[in-house]
Amino acid sequence: MRLAEACERFNSLAGIRFGDLFSSSDMDMIIINKGKTGQSLELALGMHLSSTNLDFDDGELKTNKCDAFGNPKETVFITQISSVIDQLIQHYPFEDTHLYEKISNILYVPVCKDGNPKNWMFLPSIHINLALPQFSQLRQIWRNDWSDTIKPHTQVI
């Protein structure tokens, strides 16, 4: 499935309470397993769970805990450092990295987890495509973060 299709399908789920969207057994697992929210969303979109590098043919799905206004309550996890350590050491350009592949085209879905889990809901998604001009500033910020990470660090005595 391509990200644009998933985005369209997702829009029909935004604002629906989890208690109306998922079964009671799914609700029990959502409380126990933090990653179950994103997995449940993938299944609701008609996707199959897999361990591929990207969730979609052309991008990534990222859910993030937020309040009712969409303000994030936690940091978004992107990838394991072990998957990019060689690229860090070898000073790969940002656009040639596993990290860039993961974040270059994202369907970002805020999840309001206020109150009872049955009342939790997905909020409207944000499609971030770093190839588009409106995201050039964000792309530059992330490129600078990558470059700052790979710069040799000197010790001041």
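## Starting at Gln 87

With a relative accessibility of 14%, Gln 87 counts as buried; here buried means under 20% relative accessible area, exposed over 50%, and partly exposed in between, using a 1.4 Å probe and protein chains only. The residue sits in helix 5, which covers residues 85-89. Helices (H or I, at least four residues) and strands (E, at least two) are DSSP runs, numbered from the N terminus. Leaving out residues up to four places away in sequence, Gln 87 touches Tyr 92, Asp 96, Thr 97, His 98 and Trp 146, where a contact means heavy atoms within 4.5 Å.

## What kind of model this is

This is a predicted model, in which local features need pLDDT of at least 70 and side-chain atom pairs count only at pLDDT 80 or more, while totals for chains, interfaces and linings use all residues. Residues are numbered from 1 along each chain as its sequence is written, and side-chain values use heavy atoms, with hydrogens and water left out.

As for confidence, pLDDT is the predictor's own score for each residue, from 0 to 100. The protein has a mean pLDDT of 86, and 93% of its residues reach 70 or more. Helix 3 (residues 24-32) has the lowest confidence, at a mean of 74, and strand 4 has the highest, at 94. Where pLDDT is low, the predicted coordinates should not be read in detail.

## The overall layout

You're looking at 7 helices and 4 strands, running α-α-α-α-β-α-α-β-β-β-α from the N terminus on. The C-alpha trace spans about 55 × 35 × 30 Å along its principal axes. The protein has 157 residues, and 37% of them count as buried. Take the contacts between residues at least 6 apart in sequence: 60% of those join residues at least 24 apart.

Strand 1 is mostly covered, with 5 of its 7 residues buried. Strand 1 pairs with strand 2 in the parallel sense, over 7 bridges; two strands pair if DSSP finds at least two bridges between them. For one such link, look at Asn 64, whose bridge partner in strand 2 is Pro 110.

Helix 4 has a set of buried residues: Lys 36, Thr 37, Gly 38, Ser 40, Leu 41 and Glu 42. Lys 36 counts as buried because its relative accessibility is 15%. Beyond its neighbours up to four places away in sequence, Lys 36 touches Asp 26, Met 29 and Ile 30. Lys 36 and Leu 61 are 25 residues apart in sequence, and their C-alpha atoms are 13 Å apart in space.

After helix 4 comes Gly 46, with a positive phi near 90°. Further on, Asp 55 lies in the loop between helix 4 and strand 1. Asp 55 is partly exposed, with a relative accessible area of 24%. Setting aside neighbours within four places in sequence, Asp 55 is in contact with Glu 42, Met 47, Glu 60 and Leu 61.

## The largest pocket

First, the terms. On a 1 Å grid over the protein atoms alone, a pocket is an open set of points where a 1.4 Å probe fits, with protein on both sides within 12 Å along at least five of seven lines; lining residues have an atom within 4 Å of a point. Grid points are joined across faces, edges and corners, and a volume is the space filled by probe spheres set on the points.

The largest pocket holds about 670 Å³ of space. It is lined by 28 residues, and the closest to its centre are Gly 35, Gly 38, Leu 61, Lys 62 and Thr 63. Helix 4 (36-44) and strand 1 (60-66) are the elements that give two or more residues to this lining, and strand 1 has the largest share, 6 residues. The lining divides into 7 nonpolar, 12 polar and 9 charged residues. Here Ala, Val, Leu, Ile, Met, Phe, Trp, Tyr, Cys and Pro count as nonpolar, Asp, Glu, Lys and Arg as charged, and the others, Gly among them, as polar.

## The second largest pocket

The second largest pocket has a volume of about 480 Å³. Its lining has 19 residues, with Val 76, Ile 78, Leu 99, Ile 103 and Trp 142 nearest the centre. By class, that lining has 14 nonpolar, 3 polar and 2 charged residues.

Helix 6 (98-103), strand 2 (105-112), strand 4 (126-129) and helix 7 (136-150) each supply at least two lining residues. The largest share, 4 residues, comes from helix 7.
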